[in-house]
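Have the sequence and the 3D view open as you read.

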Amino acid sequence: MESITIESLMEKINSIDKRYDTDKITRAYKLADAAHEGQMRSSGEKYITHPLSVASILLDYCMDTDTICAALLHDVVEDTDTTLDEIKKQFGEDVALLVDGVTKIGQVPLNTKEEQHAENIRKILMAMSKDIRVIIIKLADRLHNMRTLYARPPHKQRKTSLETMNFYAPIAHRLGMSDVKEEMESIAIHYLDPYGCKEIERLLDVHKEERDTFIDHITERIRSRINDIKPEPIIEGRVKSIYSIYKKMYLKNKPFDEIYDIYAVRIIVQSVIECYNVLGVIHDLFSPMPYRFKDYIATPKPNRYQSLHTTVIGKEGIPFEVQIRTVEMHNTAQYGIAAHWKYKAGLKGSVAGEQRFDWIRQLLERQQEADDVEQITDAIKNDLSQDEVYVFSPKGDVFALPNGANVIDFAYAIHTEIGNKMTGAKVGGRMVPFDYQIKTGDIIEIFTSGSPTYGPNRNWLDIAKTTEAKAKIRSWFKKERRDENIACGREELEREFKRNDIKITPELLEDAAHRARFESVDDLYAAIGYGGVAMSKIIQRIKESQIRAQKEQAQTLPTSEELTDETNKRSRKKGVIVEGVDNCLIKFAQCCNPLPGDPIIGFVTRGFGVSIHKLDCVNVINNMDSEENKDRWIKAAWVGSDDTTYRTSLLITAEQSTTVIADITAAIAVNRIAMNELNMHRLKNGNTAIHITIEVAGMEQLNNLKMRLEKIQGVISVERTGKQ
Ligand code: MN
């Protein structure tokens, strides 16, 4: 690496289209040069090359004159005889405060113990800074030290790399400075696991030529399809960073061949509307992989990152990630908070820009002591969206959860396994109950059990607030302990049958299972096993059915209202009642995927219960009057409602328009509906067919959405489609 001199620094300053006080910078350089006289870096270079390099990095961000001066002087107070007062006298209060801040951050003991971790990051972020520029200087300082780490002894390399990985890279990430973060991580991982990195480099090297050709090929295909957009979008194809591959291979244990996003293509356009249009083109050119589409434009990440992400697969069969964003989003993604200096006047001068980093700025501008955490927490809270709380893991990761969420939701947000194995939680060092409502700023530590048989408690289902956590708890009960549940359930059932003097026959069990709306006898056992169904009810039903069987068909049908009342509780699970058939097995027809609120009808299948169709389903229309089937159609209706969501697909036909996709995704986001898939293709008549798959709570929500969609300019029709 070429070392930087004051001349090359000045050259850089002159090349930047921005006013600098070169005289002040020269004076700062002279003071630093004199003060560090005789000191050497481990690399054998003069010490002054370090502050010069830090200043140069900061010039890449177009940081202001005072920041550049402070960068040149940042090690002077700590390592030489020069005092802070002298700096203040010669360069003013601002520069002195910056130098002081950087010096103090260097003095925070970086303890890697878990419980200390988040607190340390907070100390760095808060107590040391009255000014966010302090942290940016410190990050540049650390980045240069990482770049020159090769010259340090091995134990220092390791210690510095660990600190960088644990503290500075996360802070850079928190501030949205992904370029700095990525470079820090990729250097650090080389020192922390040289062999692991070599292995990845080797794997990447194996088919290097083919890889390069592949990337060229896909970027060219994309380019030729979007060349009508002016000014021309920037398209970059690349192999992702070694550290991102490293994380997936070694931390998530995925084999190299299964890592989807080794390749990434980035498309940078001018407007949000173009982002969505390009997305449509990408999904038309390549096949999107399900569940890999993320709309960070409608829902930005906590560090304000915005982009559309999707993973697609081409005819080569190699998946790759595509990121689509505007120039402004790209600047924020690369430079994070520092983008304000590079592209705007700096934080003080830009009101609109300030808004976007409010919570960080607030955090930093509070001048409280580090232990004044409560007050600071309250202060940040007001700044944040009312809908979400931001909390920290002990490692310092930020999690955004809906307002009202508790520690169970948090545990499941970290990882399903953490949730399932949770035994307790500490917030700010104190044990809290499971229903503790988390607050913005909380550092939450989750305790887990090492026992393989440990799992969630059933009452967590009532405590958890997020649908994600609830779904995960439910699925644990359904799956994880199935064998055990079946065994327990069978034992309990046999015991109860014996006590009630009921003879167990396979028919009776089958019948009992179907009456309780289970697909199989094992499902019934399993449900009894985990407490999903009470034994007493099963017995009662069997007794009732035995009595009823004796009376045979002497009964008249109950009225619809009676039916609703009586069966409401029992049939709640699937939300449907069927006239004349009590407690039968119910399933939803795949041909039309009925949603709560749809007019529906039941069809008595042979041996598989009643399948529910939409009244206007083609299968209903075609078979309604057929000789063979006409007696098997029965009335059905929806009852109550629960919080399950239903998957459904819409086919939207629209005129060729530049705004229509953006409007559609916005309408979906506004309605807080999850979108799983979005595909589009051009029709022969010039219109566009857009196919989306969404999760809705019921007909009402779907109808609202349809109405909104139909109102969008350019939309011709919105239809539900049966097939997925
Ligand atoms: Mn330094």
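Q: Are histidine 50 and histidine 74 buried or exposed?
A: This is a predicted model. The cut-off for buried is under 20% relative accessible area. Histidine 50 and histidine 74 both count as buried.

Q: Which residues coordinate the manganese ion?
A: Two histidines give their NE2 atoms, and two aspartates give OD atoms. The distances run from 2.2 to 2.4 Å. The residues are His50, His74, Asp75 and Asp141.

Q: How are the rings of tyrosine 243 and tyrosine 246 arranged?
A: The structure holds six aromatic pairs. In the pair of tyrosine 243 and tyrosine 246, the ring centres are 6.2 Å apart and the planes lie at 15°. Planes under 30 degrees apart count as stacked. The pair is therefore stacked.

Q: What separates tyrosine 243 and tyrosine 246 in helix 14?
A: Both tyrosine 243 and tyrosine 246 are buried. They belong to helix 14 (residues 242-251) and sit three residues apart, so their separation is about one helical turn.

Q: What kind of pair do the rings of tyrosine 296 and tyrosine 305 form?
A: Tyrosine 296 and tyrosine 305 are both buried. Their ring centres are 6.0 Å apart, with the planes at 70°. The cut-off for this class is over 60 degrees, so the pair is edge-to-face.

Q: Why does threonine 326 count as buried?
A: Threonine 326 is in strand 6 (residues 319-326). A polar atom of its side chain lies 3.1 Å from the backbone nitrogen of methionine 329. Buried means under 20% relative accessible area. Threonine 326 counts as buried because its relative accessibility is 6%.

Q: Where is isoleucine 268?
A: Isoleucine 268 is buried, at 4% relative accessibility. Leaving out residues up to four places away in sequence, isoleucine 268 touches Pro233, Ile234, Arg325, Thr326, Val327 and His330. Its C-alpha atom is 9.1 Å from that of glutamate 232, a residue 36 positions away along the chain. The place of isoleucine 268 is strand 2 (residues 263-269).

Q: What share of the contacts with a separation of 6 or more comes from residues 24 or more positions apart?
A: The protein chain has 32 helices and 20 strands. Of its 724 residues, 50% count as buried. For contacts with a separation of 6 or more, the share from residues 24 or more positions apart is 66%.

Q: Over which residues does pLDDT stay under 50, with 72 contacts beyond four places in sequence?
A: Mean pLDDT for the protein chain is 78, and 80% of its residues reach 70 or more. One stretch below 50 is residues 552-573, with 25 contacts beyond near neighbours in sequence. Where pLDDT is low, the predicted coordinates should not be read in detail. The stretch with 72 such contacts is residues 345-386.

Methods: Residues numbered from 1 in each chain as written. Heavy atoms only, no water. Donors = N, O, S within 2.8 Å, 3.2 Å for Na, K, Ca; no water. Buried < 20%, exposed > 50% of the residue type's maximum accessible area, 1.4 Å probe, protein only. Phe/Tyr/Trp six-rings, centres within 6.5 Å; stacked < 30°, edge-to-face > 60°. Helix = DSSP H or I, 4+ residues; strand = E, 2+ residues; numbered from the N terminus. Polar contact = N/O pair within 3.5 Å; in protein donor to acceptor, adjacent residues only side chain to side chain. pLDDT = per-residue confidence, 0-100. Contact = heavy atoms within 4.5 Å.
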